[in-house]
Amino acid sequence: QAHLMETGGGSVEVGGSLRLSCTAARYVPRGYCMGWFRQIQGKEREGVAHSPKDGDAIYADFVKGRFSVSQDYAEMTLSLEMKNLQPEDTAIYYCAADSCARSWTLEGPVPLWRYDYWGQGTQVTVSS
């Protein structure tokens, strides 16, 4: 059972744009933090972007300047605007939610046990 629902994935050409959205089920506590993660085929899941309640959004180095994340903490929705997409961005993109007291660092591989709530993911494919 997916606790979060991601939408907006698809296939685009190099340089194209996509907008991903994530909506949390009603039983996911309001005010929880959310973040975007991705898994490239054959690699470990990695952090992409997170928008803290207080403070500036944080991004993985490989997306800085191209992606923009935003979270509505009351509605528990999360978006990711992706521009200038490159073939190396091809991956399944996931959103996750949990207490803001959890670590929301984007560094290193992200195991599933780090967060209680995950979506099933949405595929993004960028072709050259």
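Start by selecting Cys 100: this residue is partly exposed, with a relative accessible area of 32%. Here buried means under 20% relative accessible area, exposed means over 50%, and partly exposed is in between, using a 1.4 Å probe and protein chains only. You're looking at a predicted model, where local features need pLDDT of at least 70, side-chain atom pairs count only at pLDDT 80 or more, and totals for chains, interfaces and linings use all residues. Residues are numbered from 1 along each chain as its sequence is written, and side-chain values use heavy atoms, with hydrogens and water left out.

**Across the sulfur bridge**

Cys 33 and Cys 100 form a disulfide with their sulfur atoms 2.2 Å apart; the term covers a pair of cysteine sulfur atoms within 2.5 Å. Cys 33 sits in strand S4 (residues 33-39), while Cys 100 is in the loop between S9 and strand S10 (117-118), so the pair ties together parts 67 residues apart in sequence. Strands (E, at least two residues) are DSSP runs, numbered from the N terminus.

Next, pick Cys 22 and Cys 95. A disulfide joins them, S to S 1.9 Å, and Cys 22 in strand S3 (residues 18-24) is 73 residues apart from Cys 95 in strand S9 (residues 91-98). The torsion about this S-S bond is about 55°, so the disulfide is right-handed. Cys 22 is buried at 1% relative accessible area, and Cys 95 is buried at 0%. The count comes to two disulfides, and with bonded cysteines counted along the chain the pattern is 1-3, 2-4.

**Along S4**

Six of its seven residues are buried, so S4 is largely enclosed by the rest of the structure. Which strands flank S4? Seven bridges join S4 to S9, and the two run antiparallel; strands count as paired if DSSP finds at least two bridges between them. To see one spot in that pairing, select Gly 35, which stands opposite Ala 96 in S9.

S4 also pairs with strand S5 (residues 46-50), again antiparallel, over four bridges. Zoom in on Phe 37, whose bridge partner in S5 is Gly 47.

Finish at the turn: S4 and S5 form a hairpin with six residues between them. Click on Gly 42 there and look at phi, which is positive at about 85°.
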